[in-house]
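Visitor: I would like to go through this model term by term, asking at each step what lies behind the words that are used.

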Number of protein chains: 2
Amino acid sequence: MKKIVLIILDGLGDRPCKDLYGLTPLQFAYRPNMNFMASRGQSGLMYPVSPGVCTGSDTSHLSLLGYDPKIVYTGRGPFEAMGLGLLMNPGDIAFRANFGTIDEAGIVTDRRAGRISQGTGELSDSITMEIDGYRFTVKPGVEHRAALVVSGPALSDNVGDSDPHEVGLKVKKIEALSKEGQKTAELLNKYLGIVHEKLSQSKVNEDRASKGLPRANTLLLRGVGKAPELEPFNKKYDMKGSCIAGIPLIRGIGHLAGLETVNDPRMTGSYDSDYRVKVDRALTALKTSDFVMINFKATDVAGHDGKPLLKTSVIEKADKVLEPFLLLSDKLVIAITGDHSTPCDLKEHSGDPLPLLIYTSGIREGGSFSFDEVSCGNGSLKLGSDNLMQYLLAISGRAEKYGA
Amino acid sequence: MKKIVLIILDGLGDRPCKDLYGLTPLQFAYRPNMNFMASRGQSGLMYPVSPGVCTGSDTSHLSLLGYDPKIVYTGRGPFEAMGLGLLMNPGDIAFRANFGTIDEAGIVTDRRAGRISQGTGELSDSITMEIDGYRFTVKPGVEHRAALVVSGPALSDNVGDSDPHEVGLKVKKIEALSKEGQKTAELLNKYLGIVHEKLSQSKVNEDRASKGLPRANTLLLRGVGKAPELEPFNKKYDMKGSCIAGIPLIRGIGHLAGLETVNDPRMTGSYDSDYRVKVDRALTALKTSDFVMINFKATDVAGHDGKPLLKTSVIEKADKVLEPFLLLSDKLVIAITGDHSTPCDLKEHSGDPLPLLIYTSGIREGGSFSFDEVSCGNGSLKLGSDNLMQYLLAISGRAEKYGA
């Protein structure tokens, strides 16, 4: 039985780039380690979720881990909360939130509290609390944006918004959309009363008022969602797993699946991320884990920024740090792929399939000689992201026999 | 419309073998007939059941014949019975059984009757009988092991064990686990009473007692299962089919599907099997059948034994006898594949995909020049075992038009 490392280069897939003489950033990159593994191992093009689906990082990472997003994906709410760094557990609910301004009659006078940009950390901390055994956690995002996660027993997402979505209307009481939602709605209304009180007394708002700026004295909630109930990874695969990622969203998904999440300030999720740190943390995790997922984010960032040469250099940086895994190939199955394509020309995600390679000692060769979007089309692997995990279990000697 | 021969080299797929200079046994084998057919026909790598599933011979042969094991596979009980050579029909139930020893109070004193190894054939014959229109058939396995098949109308597998699974406990009355199981439980208890009587009077047991060995005076039943209800092959595909195999399990599955099963003592299921006999019997069957499945078992045996050179020679032996089929390619579609991989290095089944070739006169070429685990990765066929039959129907001109 071998261990498994799944290396995700976020937004890896690309299309021919004019600046790269019609090659993709992956084709253009000097990538001796990836090419060695592709030629000695197996490769192919893999559709994320299913052919032609243009996935986000959330849905595709769920699928790569073997969780069908069509079943478990509960909408953006919880994933935006996780993207802000709020860890969620199965059963928790999350809202997208705005800091807003209401007058004494409870009428919304500004849905964005004057696009408040400073002090939201302090405000969030002041309204992070426990009520009746339920934990309310608020985390600020860009400007007036924030997320709220509620943890505790028997919560329901069958509740409405407090955000009236229009200035001049009264802030809404949270309504239960079904009988099941009643207790949760009551709890949220109790919390929102305290929120208004706490925020009104805040030093941040006193300062704002003294400058003639609107007070951020309420939290307008919308887009509730429940954290997906994922079958714990260690139970699903009989493996202990770890997740190494610079960005909170991926760590959040890992946490939700029960992976041990590893964080380090030197893993930034951007161009300046230290990939040696990532690999070191992965090697440490492999001492106690059977499975490690690593996400390299900057390929996606370069795609969104429309910078093919920068994307090339991120791929080269990643290729260079892979060597320690290669040296472990006697006891380690190495898989490299992306979560979706982010072509530099589009500056957005696309539904193009992803290059995938799987390498370990003793594996059959798969007929492709380099690792890129074109060569992998001739490789032997015909996998979707939904059956990648099962195939990795088989290659690592962990698949249970089906039948006799 | 052509006829079809489906040739299964059991456990064919392998991985690079050190003894074969890093080649697989199939790559290493002199296989001119297979290579001719791969280069003039179509080939590909096929996942058994689905990617990464490590199948047994039972589940994979079901899938190759177009029966989804996720729906029809009812657990090991019936397949172990079939493996001992008991033919089952849809609706029959089967138990795994031990010859055991009970005292006068019905307490189990030995669950294995002293690991009885001789005379179980005679004992089994003495308790093979008919009661109230139901047929009870017992067949011995290794040592104290046996299988019981019960045939007759409206049997249920909603019944418990008679085996208490512990020495010192009383042998259990078969219990109905639901109302549906009541009649079957009564019938089984009646049978087990007669079994105890018959076995107690047996000459085999008198001899054992005289030598101070424990009597094999009961049949301890466990692990009941119902024979899968397979849609009859001839109805499903509008073809008459035959199954030629040396091992009982495969003949059992063929029988269950309604294929005519061919047996011959010269087809042994091991290294000494006479493959010319198999091909002769197939050619005879093709006179009256539209479809013939042939299983060559020894490739799997060599894989389990970890003998790559022996596996190579089995493949060469099989290749040699294929010529008569080639001469019939004007009216015959020839498909060659495995049921699962049994890499010599692992000595066990793996989830690696299987080389597949399909050849007949007038078929399109599929871009691969030889038949092995690596070359087939570049072939044109993208089939799973679950849609192989449908494709063979199409290539043989037997697929019904879907639409107008």
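Visitor: Where does A:Pro228 sit in chain A?

Guide: A:Pro228 is placed in the loop that runs between strand 8 (218-226) and helix 9 (233-237) of chain A, where helices (H or I, at least four residues) and strands (E, at least two) are DSSP runs, numbered from the N terminus. This is a predicted model, in which local features need pLDDT of at least 70 and side-chain atom pairs count only at pLDDT 80 or more, while totals for chains, interfaces and linings use all residues. Residues are numbered from 1 along each chain as its sequence is written, and chains are lettered from A and ligands numbered from 1 in the order in which they are written.

Visitor: Why is A:Pro228 called buried?

Guide: A residue is buried if 20 or more other C-beta atoms lie within 10 Å of its own, exposed if 12 or fewer, and partly exposed in between, with C-beta atoms placed from the backbone. A:Pro228 has 21 other C-beta atoms within 10 Å and therefore counts as buried. For chain A, 54% of the 404 residues count as buried.

Visitor: What does A:Pro228 touch, leaving out residues up to four places away in sequence?

Guide: With that exclusion, A:Pro228 touches A:Val72, A:Tyr73, A:Thr74 and A:Leu256, a contact being two residues whose C-beta atoms, placed from the backbone, lie within 7 Å. A:Arg276, which is 48 residues from A:Pro228 in sequence, lies 32 Å from A:Pro228 in space, C-alpha to C-alpha. Among the contacts in chain A with a separation of 6 or more, 70% are between residues 24 or more positions apart.

Visitor: How do you know that the radius of gyration of chain A agrees with that of a compact globule?

Guide: The radius is taken over C-alpha atoms, and the globule rule is 2.2 Å times the number of residues to the power 0.38. For 404 residues a compact globule would have a radius of gyration near 22 Å, and because chain A has 23 Å, the value agrees. The C-alpha atoms of chain A fill a box of roughly 70 × 55 × 35 Å along the principal axes, and chain A has 15 helices and 14 strands.

Visitor: What makes strand 2 and strand 10 of chain A the edges of their sheet?

Guide: Seven strands of chain A form an open sheet with mixed pairing, in the order 2-13-12-1-11-9-10, and two strands pair if DSSP finds at least two bridges between them. Strand 2 (42-46) and strand 10 (260-262) of chain A each have a single partner strand, so one side of each is left without a neighbour in the sheet. From one strand to the next, the twist averages 15°, angles running from 0 to 180 degrees between N-to-C directions and axes being lines fitted to C-alpha atoms, for helices over the stretch in contact.

Visitor: How many bridges join strand 1 to strand 12 of chain A?

Guide: Strand 1 (residues 3-9) and strand 12 (residues 332-337) of chain A run parallel and are joined by six bridges, with A:Lys3 opposite A:Leu332. Helix 10 (residues 248-256) of chain A packs on this sheet, touching strand 9 (241-245), strand 10 and strand 11 (291-296) of chain A, and its direction makes about 170° with that of strand 9.

Visitor: Why is helix 12 of chain B called roughly antiparallel to helix 13 of chain B?

Guide: Angles under 35 degrees count as roughly parallel, over 145 as roughly antiparallel, 65 to 115 as roughly perpendicular and the rest as oblique. Helix 12 (residues 298-305) and helix 13 (residues 308-320) of chain B pack at about 175°, with their axes 8 Å apart, which means that helix 12 of chain B is roughly antiparallel to helix 13 of chain B. Among the residues that make the contact are B:Ala302 of helix 12 and B:Val314 of helix 13 of chain B.

Visitor: Which elements give two or more residues to the side of chain A that touches chain B?

Guide: The contact takes 21 residues from chain A and 27 residues from chain B, and the elements in question are helix 15 (388-395) and strand 14 (401-402) of chain A. Helix 15 of chain A gives the most, with four residues. Strand 14 of chain A also pairs with strand 3 (residues 54-55) of chain B, in the parallel sense over two bridges, and A:Lys401 stands opposite B:Cys54.
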